[in-house]
Amino acid sequence: MADLETPRATADPFAPLQRDPSGAERIQRRSRTAWQDVRYRLTTNKLAMTGFWLLILLVLMAFFAPLVWPFDHYTNDLQLNNQPPDSTHWFGTDDLGRDLFARTWKGAQISLFVGVAAALIDLVIGIVYGGIMGYYGGKVDEVMNRFAEILYSIPYLLVVILLLVFMEPSLTTIIVAMSITGWINMAWIVRGQMMQLKNQEFALASKALGASSMRIIFRHLVPNAMGPILVTLTLSVPSAIFTEAFLSFLGLGVQSPVASWGTMINDGVQSMSIYPWRLFFPALFLSLTIFAFNVFGDGLRDAFDPKLKK
Amino acid sequence: MVRYVLNKFLFMLLSLFILITATFVLMNAVPGSPLQSEKATSPQIQKNLEAHYGLDKPLIVQYGIYLKKLAQFDLGISMKKKFQSVNKLIAGSFDNSLKLGLVSVATSVLAGCALGIIAALYHRKFLDNAALVVSVIGLAVPSVVMAPLLQYVFAVKIRAFEVAGLNGPMDYVLPTIALSAAPIAFIARLIRSSMLEVLNSDFIKTAKAKGLAGHMIVWRHALRNSMLPVVTYLGYLIANVITGSVVIEQIFAIPGIGKFFVQSVLDRDYPFIMGITIFYAILLMASRFLSDLAYALVDPRLRLQTGRVAK
């Protein structure tokens with residue numbers, strides 16, 4: 001990296017510099033661990049950091065805005081319906097006179113909850129299934145992989161909608177429905193990592209010391225595969241949020257009076273030519289959230305694997 | 001190669017069979033029946049109705065009958081829309097969806113490729129960044145948001161297009177943009193990254209060194225090699241367009257199959273739900289199957305593995 005000697009301007013610019021072998025082996029800076037490297041690459045990525053701070057802001061607002069805001073998300077005030085944004089109702093009110101600022105942040109809570117819950121369920125099932133599949137290999141891998149492939153080939157939206165026919169439309173239903181096929185991607189990522197890692201020396205050493213398979217998988221291999229797992233996790237959140245909004249928009253998701261961005265957008269569409277703010281705010285924050293998760297996830301992927309940088 | 005195709009095909013059939021069975025079981029496990037209504041009907045009428053739809057037989061027999069009819073491409077009779085066969089309902093509405101879908105797929109591929117090529121050729125210059133902005137917007141703004149906004153700006157405020165319906169060629173513009181925004185963004189990114197990789201490889205340098213013109217290099221060498229990931233993506237693109245059109249048809253009031261699907265779910269019209277589900281499933285699986293095949297044809301390395309194709 002840094003030059004050992006500072007080149008000085010000499011009378012003859014082409015004269016070779018003196019070589020000093022004593023400093024050649026000196027280590028100039030402390031070596032960084034893999035995680036420090038990741039943090040460095042991530043924090044220097046402006047777009048990813050924008051996404052990161054946006055997320056922090058969105059999460060904080062979703063938590064604290066409904067607590068301190070004087071209006072709640074379900075009380076009607078029919079005298080004050082369809083008010084444009086002003087100083088008391090920052091985002092205006094809807095057709096029942098409910099405060100849209102409160103509803104927007106309630107919607108943020110739901111979106112973030114759905115996104116995180118679905119991603120976490122995917123994470124747990126994906127790690128266990130993928131871990132076992134990748135570690136054991138052979139027949140076990142074949143059978144488990146076939147099963148995952150069949151499940152994967154069934155269109156995602158069909159499963160979700162079918163389940164919604166079977167179960168009452170609610171938050172739980174949506175999350176369950178998304179988890180049925182959502183974990184497969186994670187399982188395949190973990191499987192790929194396992195197959196790479198299981199033949200390395202540290203796994204062999206652990207086996208030689210008599211560790212059980214489960215211990216090797218979950219104490220040694222999974223922590224080493226944390227990078228790709230984290231990236232997949234981050235990128236699966238926006239797709240879950242999107243699906244929730246999509247279903248709620250169609251009337252198959254969260255039901256009134258709970259505010260979800262999808263239902264709010266659906267309500268807003270009906271009256272967008274007269275009361276555009278009813279469409280604008282939920283649409284804006286839904287897009288912002290998905291944007292933030294996407295750019296942060298992309299940044300994370302670049303940080304973990306600079307070779308993949310696109 | 002034959003083994004690979006056969007393998008994939010058998011898989012598709014197996015998945016389809018599982019989906020059909022699961023759908024059938026789910027539909028019959030749901031409490032309530034589409035024949036129930038607020039009006040009190042005499043038990044005799046109820047019985048006749050059940051006999052008419054074959055609901056009085058044991059479940060396993062019903063399943064057998066359903067499978068048998070399905071093998072003859074008969075999806076049954078709708079329970080809510082009187083005397084209409086599901087086949088006819090699907091055939092009548094699929095027309096609109098198909099047209100919109102084809103236009104959107106074509107737009108996605110063409111615009112996505114164009115954007116990706118521009119971004120790669122002007123790497124790190126203004127046009128690259130402009131393309132990046134377009135693709136970030138395309139990925140971040142979901143169709144549920146994009147469609148109403150387009151409607152608001154271009155149909156309500158500017159009045160350049162019709163708000164809803166699908167009657168003339170101009171009516172395709174807004175739904176197509178809303179449907180293909182995300183795929184365009186995705187394809188642009190795919191093409192850009194693979195194009196950059198190809199442009200830096202040795203055979204491009206050779207082509208340059210022997211004096212081939214710039215546009216020839218792009219068309220003859222770079223583009224062909226960077227199309228590979230797009231071929232894989234096509235199957236998923238078709239799936240995306242189909243599922244996306246469920247929302248788009250709702251917003252733009254297009255009488256397509258997606259709109260019927262949502263309606264049938266809300267109506268609990270079981271034969272119709274099953275019919276559309278199976279129809280969709282066949283469509284999606286077939287398009288994935290074909291794109292897998294296309295990929296295997298283009299990339300010989302893949303024929304060696306039986307595994308799936310990366311997304």
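How far apart are the end C-alpha atoms of residues 47–69 of chain A, and how much of the chain there is helix? The end C-alpha atoms are 31 Å apart, and the span is 96% helix and 0% strand. This is a predicted model. The predictor gives the complex an ipTM of 0.74 and a pTM of 0.79.

**Confidence**

- Chain B has an average pLDDT of 81.
- In chain B, 91% of the residues score at least 70.

**Make-up of chain B**

- Chain B has twelve helices and zero strands.
- Read from the N terminus, its elements run α-α-α-α-α-α-α-α-α-α-α-α.
- The C-alpha trace of chain B spans about 85 × 55 × 30 Å along its principal axes.

**UniProt records for chain A**

- An unreviewed UniProt entry places the feature "transmembrane region" at residues 47–69, 110–138, 150–167, 173–190, 228–254 and 275–296 of chain A.
- The feature "domain: ABC transmembrane type-1" is placed by UniProt (unreviewed entry) at residues 108–297 of chain A.
- In the model, residues 108–297 of chain A are 83% helix and 0% strand. The end C-alpha atoms of that span lie 19 Å apart.

**UniProt records for chain B**

- UniProt (unreviewed entry) lists "domain: ABC transmembrane type-1" for residues 94–291 of chain B.
- Residues 94–291 of chain B are 82% helix and 0% strand in the model. The end C-alpha atoms of this span are 22 Å apart.
- The annotation "transmembrane region" in UniProt (unreviewed entry) covers residues 9–30, 100–122, 129–152, 172–191, 230–252 and 272–298 of chain B.
- Residues 100–122 of chain B are 96% helix and 0% strand, with end C-alpha atoms 32 Å apart.
- Residues 230–252 of chain B are also 96% helix and 0% strand. Here the end C-alpha atoms lie 29 Å apart.

**Helix 4 with helix 12, chain B**

- Helix 4 of chain B covers residues 86–121, and helix 12 of chain B covers residues 270–298. Their axes come within 10 Å and cross at roughly 55 degrees.
- That angle makes helix 4 of chain B oblique to helix 12 of chain B.
- The crossing of helix 4 and helix 12 of chain B is right-handed.
- Helix 4 of chain B brings Val86(B), Leu89(B), Ile90(B) and Phe94(B) to the contact. Helix 12 of chain B meets them with Pro271(B), Phe272(B), Gly275(B), Ile276(B), Phe279(B) and Leu283(B).
- By class, the contact of helix 4 with helix 12 of chain B has nine nonpolar residues, one polar and no charged.

**Helix 6 with helix 10, chain B**

- Helix 6 (residues 143–157) and helix 10 (residues 228–251) of chain B pack at an angle of about 30 degrees. Their axes are 10 Å apart.
- Angles under 35 degrees count as roughly parallel, so helix 6 and helix 10 of chain B are roughly parallel to each other.
- Helix 6 and helix 10 of chain B make a right-handed crossing.
- Ser143(B), Val144(B), Ala147(B), Pro148(B) and Gln151(B) of helix 6 meet Val247(B), Ile248(B) and Ile251(B) of helix 10.
- The contact of helix 6 with helix 10 of chain B holds six nonpolar residues, two polar and no charged.

**Helix 9 with helix 10, chain A**

- Helix 9 of chain A (residues 226–249) and helix 10 of chain A (residues 261–270) have axes that come within 7 Å. The axes cross at roughly 45 degrees.
- Helix 9 and helix 10 of chain A are therefore oblique to each other.
- Their crossing in chain A is right-handed.
- Helix 9 of chain A contributes Ala245(A), Ser248(A) and Phe249(A). Helix 10 of chain A contributes Gly262(A), Thr263(A), Ile265(A), Asn266(A) and Val269(A).
- The residues of the contact of helix 9 with helix 10 of chain A divide into four nonpolar, four polar and no charged.

How values were computed. Residues are numbered from 1 along each chain as its sequence is written. Chains are lettered from A and ligands numbered from 1 in the order in which they are written. This is a predicted model: local features need pLDDT of at least 70, side-chain atom pairs count only at pLDDT 80 or more; totals for chains, interfaces and linings use all residues. Side-chain values use heavy atoms; hydrogens and water are left out. Axes are lines fitted to C-alpha atoms, for helices over the stretch in contact, and angles run from 0 to 180 degrees between N-to-C directions. Helices (H or I, at least four residues) and strands (E, at least two) are DSSP runs, numbered from the N terminus. Angles under 35 degrees count as roughly parallel, over 145 as roughly antiparallel, 65 to 115 as roughly perpendicular and the rest as oblique. A crossing is left-handed if the near helix is turned anticlockwise from the far one by less than a right angle, and right-handed if clockwise. Contact means heavy atoms within 4.5 Å. Ala, Val, Leu, Ile, Met, Phe, Trp, Tyr, Cys and Pro count as nonpolar, Asp, Glu, Lys and Arg as charged, and the others, Gly among them, as polar. UniProt positions are given in the numbering used here, feature names are shortened, and annotations may be inferred rather than shown by experiment. pLDDT is the predictor's confidence in each residue, from 0 to 100.
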